[in-house]
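Morning, everyone. I have one structure to go through today, so let me put it on the screen.

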Amino acid sequence: RSGELPPASLSALWKQRLRWAIGWDQVTLEHWKAIRKSRRLGPCRKLSLYWIFPSRWLLLTLSLFAVFGIPTLALVDGYRVRNAPGGPSGPT
């Protein structure tokens, strides 16, 4: 048993996850130099940490583009095709 109660609402869950993400980033930035200079971590482990830190933000950016950017581009392209000379079926 963890001793913690789950968030009571979706808003509380969002705030909790945001707080965790910000804390994760703060700890990462605080220990970045220590990871780089560590003699206890081998090169493969260091490389994996260097890979996962920026990948987290890259995946967030790509997912936001997938949720908002792709539908927006589809709407713009559909509007462009509908309003092109000759309409969507091409020249008649």
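This is a predicted model: local features need pLDDT of at least 70, side-chain atom pairs count only at pLDDT 80 or more; totals for chains, interfaces and linings use all residues.

Helix 2 covers residues 43-82, which is 40 residues. From first C-alpha to last, helix 2 reaches 55 Å, close to the 58 Å expected at 1.5 Å a residue. There is a bend in helix 2 of about 40°, located at Ala66.

Which residues of helix 2 are buried? They are Lys46, Phe53, Ser55 and Gly69. What they pack against is helix 1, residues 10-37.

Now the rings. The structure has three aromatic pairs. One of them is Trp32 with Tyr50, a tilted pair at 5.1 Å centre to centre, with 50° between the planes. This pair links distant parts of the chain, since Trp32 sits in helix 1 and Tyr50 in helix 2, 18 residues apart. Trp32 has a relative accessible area of 29%, so it counts as partly exposed. Tyr50 is partly exposed too, because its relative accessibility is 26%.

Trp32 also pairs with Phe53, again tilted, at 5.2 Å between centres and 50° between planes. Here too the pair links distant parts of the chain: Trp32 in helix 1 and Phe53 in helix 2 are 21 residues apart. Phe53 has a relative accessible area of 11%, under the 20% cut-off, and is therefore buried.

Taken together, ring pairs join Trp24, Trp32, Tyr50 and Phe53 into a cluster.

Arg56 lies over the face of Trp57, at 5.6 Å from the ring centre.

Definitions and conventions. Residues are numbered from 1 along each chain as its sequence is written. Side-chain values use heavy atoms; hydrogens and water are left out. Helices (H or I, at least four residues) and strands (E, at least two) are DSSP runs, numbered from the N terminus. The expected span of a helix is 1.5 Å times one less than its number of residues. The bend at a residue is the angle between axes fitted to the seven residues ending there and the seven starting there. Buried means under 20% relative accessible area, exposed over 50%, partly exposed in between (1.4 Å probe, protein chains only). Contact means heavy atoms within 4.5 Å. Rings of Phe, Tyr and Trp (its six-membered ring) pair if their centres lie within 6.5 Å; planes under 30 degrees apart count as stacked, over 60 as edge-to-face and the rest as tilted. A charge sits over a ring if NZ of Lys or CZ of Arg is within 6 Å of the ring centre and within 35 degrees of the ring normal.
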